[in-house]
Amino acid sequence: MDKSSKKKVKISNQEENGESDDAWWWLVHKGITASFLCIALFSLLVRVAVSLHPYSGAATPPKFGDFEAQRHWMEITLNLPVKEWYRNTTLNDLSYWGLDYPPLTAYQSYVHGLFVRFFSPESVALTTSRGHESYLGKLLMRWTVLSSDALVFFPAVFYFIVVYYSGRKQSGSMGGIAWHIAIILLNPCLILIDHGHFQYNCISLGLTVGAISAILSDKDLLACVLYSLALNHKQMSAYFAPAFFSHLLGKCIRRRYPLLEVFKLGLVVSVTFLVVWWPYVHSMEAFFGVLSRLAPFERGIYEDYVANFWCTTSVLVKWKRLFSTPQLKVLSLGATISTFLPSMIKQIWDPSKKGFLYGLLNSALSFYLFSFQVHEKSILLPLLPASLLASEEPFLYTWMTLYALFSMFPLLHRDKLVLPYLAISTLFILLSVAPNRRQDTRDTNAFRSFVTIFSLLCSLIIHVVYLSMNPPQRYPFLFEALIMLLCFSQFTFLAMYTNAKQWMLLKHSNYKEKKLL
C-alpha cells in the first residue's frame with residue numbers, strides 16, 4: 001500500500017474512532033482559520049467606524065466621563081509609585097476618577113499609558129493633563145481599545161470556536177460556524193460600549209471566554225488562571241463565579257481524590273491572586289485600601305437607569321428611603337443568592353459542559369437583576385454566555401441582545417451615539433436573520449408570535465417618542481422608566497427560561513459524559 005493510501009486509511013480510522021475531535025485536525029480540514037480572519041477584519045472595521053463618533057463625557061467639564069477616567073488612570077499609574085495608585089494624596093485625588101478596579105486594570109493602564117506617552121507625553125502628564133482631548137490623544141486612546149480587542153478578545157473567541165465545534169459529534173456546516181463567529185465578534189453592545197462610550201470590557205470578557213474554552217477542553221487549571229485574571233481586571237467578572245465554582249466542584253467530587261483536586265484548583269487561584277496583588281499584600285492597610293475602592297457601597301444600590309429589579313421597582317417602592325445601605329446590601333445579597341442557587345445545585349449534582357454554559361448565563365443574569373450597584377453596561381456579562389450559546393439558542397440571543405441594546409439607549413443617547421446605535425442595531429438584525437445560521441427548530445405558536453410582535457412594537461414606539469418628544473415636567477424620567485420596565489420584564493422571562501432549560505438537561509445526561517468529566 002502506498003503512502004497516500006495509508007494516509008487516507010489513517011484519516012478514515014480517525015473519523016471512525018472519534019479521533020477527528022482533535023482540534024488541529026478539525027482546523028485543517030474545516031478551513032475555519034481563513035473564515036475567522038475575514039470576519040475578524042470586518043469586525044475591526046466596524047469598531048473603527050464606531051470609534052469615529054463621540055465618547056462618554058466628550059467636552060463636558062469638570063469631570064468629563066469614562067474616557068477621561070481611563071486616561072486619568074494612565075496618568076496616575078505612569079507618574080506615581082505603585083503603592084500610591086489607590087491612595088488619596090495631593091497628587092492623586094480619589095474623588096476625581098480614582099482607580100476603582102482591581103490591580104490588573106491598573107497594570108493595563110500603565111502599559112497603555114507607556115504607549116500613549118511615547119507619542120503624546122502631554123496627554124498623560126501629571127495634573128496638567130486633566131480633561132486632555134487633543135486629536136492625537138483621542139486617536140491613541142481609541143487605538144489602545146482596538147488593540148486590546150485584537151490581542152485578547154479575538155484570540156479567545158477563536159479558541160472557543162475551535163474547542164466548541166471540534167468537540168462535537170456534529171460540528172455543523174461551515175456557514176453555521178462562520179455565523180456563530182460573526183455573532184460573537186460583532187456583539188453590538190460590546191462594540192458600542194468599548195469603542196463608542198469608551199471602556200476596556202473586551203479584556204475581562206476575553207479572559208473569561210478563554211477560561212470558558214479551557215473548561216470545555218478539560219484544562220481546568222488553565223481555566224482557573226484565566227478566570228482569576230478576569231476577576232482581577234474587573235470585579236464584575238464575579239457574576240460568573242457561581243457557575244465556575246459549581247461546575248468545577250461537581251467535577252472534583254466525581255474524581256478519585258476529590259480533596260486533592262479541590263486543593264490543586266485552590267492553589268492555582270491563590271497563586272494567581274498573589275502575583276497580581278503582590279505590591280499590596282505586604283501591608284494590611286494597603287490591601288484593605290485597595291479592597292475598599294472595589295466596593296463603593298456609598299453610591300447606592302443602583303446608578304442612573306438600569307433594567308434590574310431595584311431600579312425598575314423603585315418607581316413604586318422607594319428602596320433608598322425605606323432601607324439603609326447595610327439593609328439593602330443584605331436584601332440584594334439574599335435575592336442574588338436565591339436566584340443563582342438552583343443553577344449551582346444542578347451543576348454540582350450533574351455537571352455537563354452545556355449545563356456550564358447555561359449556568360454562566362443564569363448566574364450573570366441573577367447578578368444583573370438583583371445585585372448591589374449594577375450599571376447599564378453590566379448587561380454585557382450575561383450577554384457573553386448568551387452569545388456562546390447562540391448556535392443552540394439563536395432566538396434567545398437575538399431577543400436578549402435587542403433588549404440589551406434598548407436598555408442602554410438612554411446612556412448612548414446621552415453620549416451622542418444614536419447614529420452608530422441605529423447602524424449597528426441594523427447590522428445585528430440583518431446578521432441574526434442570515435440564511436446560513438442554524439434555524440430554531442421549535443414550532444412558533446401564536447402566543448409567542450403575538451408577544452414578540454407586541455414587545456418589538458412597544459420598543460419601536462418608545463424609541464420614536466424618546467427622540468421626538470419631551471417628557472412631562474412632573475415626570476422628567478418617564479421615558480427612561482418605561483424603557484427599564486419593558487427591558488426588565490424581558491430579562492426576567494429569559495432568566496426563567498434559561499434556568500428551566502438548564503434543569504431540563506438532566507433528562508439528556510448520560511453515563512458516558514459523566515465518565516469523560
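Phe64 sits in the loop between α3 and α4; helices here (H or I, at least four residues) and strands (E, at least two) are DSSP runs, numbered from the N terminus. Phe64 is not a glycine, yet its phi is positive, at about 60°. The model is predicted, with residues numbered from 1 along each chain as its sequence is written. Local features need pLDDT of at least 70, side-chain atom pairs count only at pLDDT 80 or more, totals for chains, interfaces and linings use all residues, and side-chain values use heavy atoms, with hydrogens and water left out.

With 59% relative accessibility, Ala59 counts as exposed (exposed means over 50% relative accessible area, buried under 20%, partly exposed in between, with a 1.4 Å probe and protein chains only). Then there is the peptide bond from Pro61 to Pro62, which is cis, with omega near 10°; Pro62 belongs to the loop between α3 and α4. For context, most residues other than glycine have a negative phi, and most peptide bonds are trans.

Zooming out, the protein chain has 24 helices and zero strands. Of its 517 residues, 52% are buried. Taking contacts (heavy atoms within 4.5 Å) between residues at least 6 apart in sequence, 78% join residues at least 24 apart. The C-alpha atoms of Leu41 and Ala150 are 9.6 Å apart, although 109 residues separate the two along the chain. Leu41 itself is exposed, its relative accessible area being 52%.

Next come two helix pairs. Two packed helices are described by the angle between their axes and the distance between the axes. Axes are lines fitted to C-alpha atoms, for helices over the stretch in contact, and angles run from 0 to 180 degrees between N-to-C directions. Helix α8 (residues 188–198) and helix α21 (residues 418–432) have axes that come within 10 Å and cross at roughly 155°. The two are therefore roughly antiparallel to each other (angles over 145 degrees count as roughly antiparallel, under 35 as roughly parallel, 65 to 115 as roughly perpendicular and the rest as oblique). On the α8 side the contact uses Pro188, Ile191 and Leu192, and on the α21 side Pro420, Tyr421, Ile424 and Phe428. Sorted by class, that makes seven nonpolar residues, no polar and no charged (Ala, Val, Leu, Ile, Met, Phe, Trp, Tyr, Cys and Pro count as nonpolar, Asp, Glu, Lys and Arg as charged, and the others, Gly among them, as polar).

The second pair is α10 (residues 220–233) and α12 (residues 258–276), with axes that come within 9 Å and cross at roughly 35°. This crossing, too, is right-handed. From α10 the contact draws on Asp220, Leu221, Cys224, Val225, Ser228, Leu229, Leu231 and Asn232, and from α12 on Lys264, Leu265, Val268, Val269, Thr272, Phe273 and Val276. The class tally for α10 with α12 is ten nonpolar, three polar and two charged.

On the charged side, the structure holds 14 salt bridges (a side-chain nitrogen of Lys or Arg within 4 Å of a carboxyl oxygen of Asp or Glu). One of them joins Glu393 and Lys501 at 2.4 Å, N to O. Glu393 is in the loop between α18 and α19 and Lys501 in helix α23 (residues 478–504), so the bridge ties together parts that are 108 residues apart in sequence. Glu393 and Lys501 are both buried. Salt bridges that share partners also link Asp218, Asp220, Lys251, Arg255, Glu261, Lys264 and Lys353 into one network.

Another bridge pairs Glu392 with Lys354 at 3.6 Å, N to O. Here Glu392 comes from the loop between α18 (380–388) and α19 (394–407), and Lys354 from helix α17 (residues 353–370), 38 residues apart. Glu392 is buried, with a relative accessible area of 14%, while Lys354 is partly exposed at 36%. Lys346 and Asp350 form a salt bridge as well, at 3.7 Å, N to O, and both Lys346 and Asp350 are buried.

Terms used: A crossing is left-handed if the near helix is turned anticlockwise from the far one by less than a right angle, and right-handed if clockwise.
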